[in-house]
Amino acid sequence: MASSCVRVVGSILGKCANCSAIISPVTLQLFRQVCMSSALHRKNLAAAGPEQFTAEFVKKQIDEFEVGKRHLANMMGEDPENFSQEDIDRSIAYLFPSGLFEKKARPLMKHPDEIFPKQRAVQWGADGRPFHFLFYTGKQSYYFLMHELYGKLLNVEKHQDRLRAKGLFSSDANSMSLGMSRWFTKEELEVSLVETISTHDLMERLLSMPYCSLEQQFILQYRRQLEAQSMHQIVQPLQQDEKGVAYSSAEGLRKTSRSSVVLRDCGSGRVTVNGQDCHHYFSVLQDREQLMFPLQFMGVLGRFDLKCTVSGGGRSSQAGALRLAISRALLSFLSEKEGEAMRQAGLLTPDPRVRERKKPGQEGARRKYTWKKR
Amino acid sequence: MDTHVLKMAASVSGLLKPWTSRVVLVRWSRYNPYYLEPEVRKEAYNRPETELSPEDQEERQLKTLRPIKAATSGVTSSVFDDPVISKFINMMMRQGKKVLAREIMLQTLENIKKKQVERYHKATGGQKEEIECNPYEIFHQALENCKPVVGLASIQKGGKSYQVPIPLTDNRRRFLAMKWMITECKENKHRRTLMYEKLSQELLAAFQKEGNVIKKKHELHKMAEANRAYAHYRWW
């Protein structure tokens, strides 16, 4: 579906420059594609397996994409040379606005390599002999990976035996530190090998040997680097008002409540919510505890002055929204380590829990109607 | 969640067949399973690197890499916040009236403190040290005394169902103790006694290892002992 969208969009943009006022070839193309698709439906599509695209077809699509990209840049009045994928997405969203909820159903224009699944080129030469020595196993890349891995295992073992013979073997020689990376998931490995696989744990055996750092580069090829979550935090800038008092503001949300907080570093502990005193607005102790939670966690209870505005939702969700806003505003006064501690305490994550909808055929979200035998 | 809705819609449209619910996964969360639980207590972040065992260090590193869930609204890092007490309040709560449940709990603790302090002042010098005045301590100890050690499960074998003694997890034991305490105080009381009054009486009795909840625990243990012969019917 997405591929046909791209084809349509690409072909429209491709034809645009050649024919400014000619509509019929474009519509003819559309009609032809529509006719072709209904003809195809008569065949048994399920038996054919996933759709195969030839290399020349994909190449043609790539050319069309490049040309279409340049036309799009011209249309938007931007530089065709430096038109990035984000610009493409922005322009398509502008030219073809869509209110569809399913993001994958919206018009998209991406490089054909991302859209068409990776195919394997023809595996055998003109004489019919396959290139790869493991072709007849059926899963040549997978078994080749196993073969290589076993070869490296033997290599490491031989190295260890040599050291043992010389008496230099030490079992706590540095194993690799794999802290900041994770293994490819099965899906990622399938994508990189262009084959379907089942689970294996030969890698673990390689890792269990103390001298596995010999094959470090090979192992790291199959691991994906993880980045520390703390780098995703957005810290609000610290501002100064006329009297030289530092302040920062932030927003928070929880369910349907939206709040915004201004945190001033004056030294009193006054809290104002929507113009009223916080004891007046939040009569329940639990809500006031939630407001104080981030300040108490960092031990800066009496230092800041809070000016909060909140709207929407109920009592508890307003308190939650304010708590998130206060934590975010507090980040600009704290060091990175303290910010990381706040994140690990769960103060900086917006709570995704919302009210579950009622389903048809049931009385509520979960409650079913009384079951009657007859 | 979308697939569940679609399944519902698809099955409702089949009008000729009587509609039955399909068994889809019931417990799911708005969070991706990748998210970790938050750690709210301040002391956990003040421990230096040297004090940690290798598992703790690995966990610490894992926490820097993974996203963390938001802390719930009943939880704070304050010293007055007790997870056991919060759980008890939630179990006492009915129709979502958290305010009322919390009031009852606070009144219970106050009542316990009052009674213990009265007893403390009336007691002679030697007995004064034995009287526990901290209501949190009394609550924890009473709950400990109410926790059953083994539970019973109904297992069907050869057409007949037997009550087989099984080991219980910690969470299950705590849950049973709290549930018994709450049901006992709701049902077996005089119409005019208030909940907090009855609850404080039961807690103090449980602290002394007397009272109806302790009796219930002992009865369960006796049943388990009586059905000891069937213990081998358990296959897990």
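Student: How many salt bridges are counted between chain B and chain A?
Tutor: In this predicted model, the side chains that meet across the two chains in this way are those of E289(A) and R102(B), whose N and O atoms are 3.2 Å apart. Side chains of opposite charge can pair when their charged atoms come close. Between chain B and chain A, the count is 1 salt bridge.

Student: Which helix of chain B gives the most residues to the side that touches chain A?
Tutor: The count between the two chains also includes 16 residue pairs in polar contact, both residues being at pLDDT 80 or more. On the chain B side, at least two residues each are supplied by α1 (2–12), α3 (54–65) and α5 (98–122). The helix that gives the most, with 4 residues, is α3(B).

Student: What area do chain B and chain A bury between them?
Tutor: The contact takes 36 residues from chain B and 37 residues from chain A. The size of an interface is often given as the accessible area lost when the parts come together. Of the area buried here, 56% is on carbon and sulfur atoms, and the value for chain B and chain A is about 3,300 Å².

Student: Is A319(A) buried or exposed?
Tutor: A319(A) is found in helix α13 (residues 315–331) of chain A. Not counting residues up to four places away in sequence, A319(A) touches F282(A), D287(A), Q290(A) and L291(A). With a relative accessible area of 1%, and therefore under the 20% cut-off, A319(A) is buried.

Student: Which residue has a side chain in polar contact with the side chain of K147(B)?
Tutor: K147(B) has its place in the loop between α7 (135–146) and β1 (150–157) of chain B, and it is buried, with a relative accessible area of 12%. Leaving aside neighbours within four places in sequence, K147(B) is in contact with R173(B), R174(B), A177(B) and K217(B). The side-chain polar contact, at 3.2 Å, is with E144(B).

Student: What separates E64(A) and K60(A) along helix α4?
Tutor: E64(A) and K60(A) form a salt bridge, with their closest N and O atoms 4.0 Å apart. E64(A) counts as partly exposed at 28% relative accessibility, and K60(A) likewise counts as partly exposed, at 47%. Because the two are 4 residues apart in helix α4 (residues 55–76) of chain A, the separation is about one helical turn.

Student: Which residues are linked with E78(A) in a network of salt bridges?
Tutor: E78(A) forms a salt bridge with R90(A), the closest N and O atoms being 3.5 Å apart. This pair links distant parts of the chain, 12 residues apart, with E78(A) in the loop between α4 and α5 (85–95) of chain A and R90(A) in helix α5 of chain A. In the network, E78(A) is linked with D87(A) and R90(A).

Methods. Residues are numbered from 1 along each chain as its sequence is written. Chains are lettered from A and ligands numbered from 1 in the order in which they are written. This is a predicted model: local features need pLDDT of at least 70, side-chain atom pairs count only at pLDDT 80 or more; totals for chains, interfaces and linings use all residues. Side-chain values use heavy atoms; hydrogens and water are left out. Contact means heavy atoms within 4.5 Å. Buried area is the accessible area (1.4 Å probe) that two parts lose on being put together, summed over both. A polar contact is a pair of N or O atoms within 3.5 Å; within protein, one must be able to donate a hydrogen and the other to accept it, and residues adjacent in sequence count only if both atoms are side-chain atoms. Buried means under 20% relative accessible area, exposed over 50%, partly exposed in between (1.4 Å probe, protein chains only).
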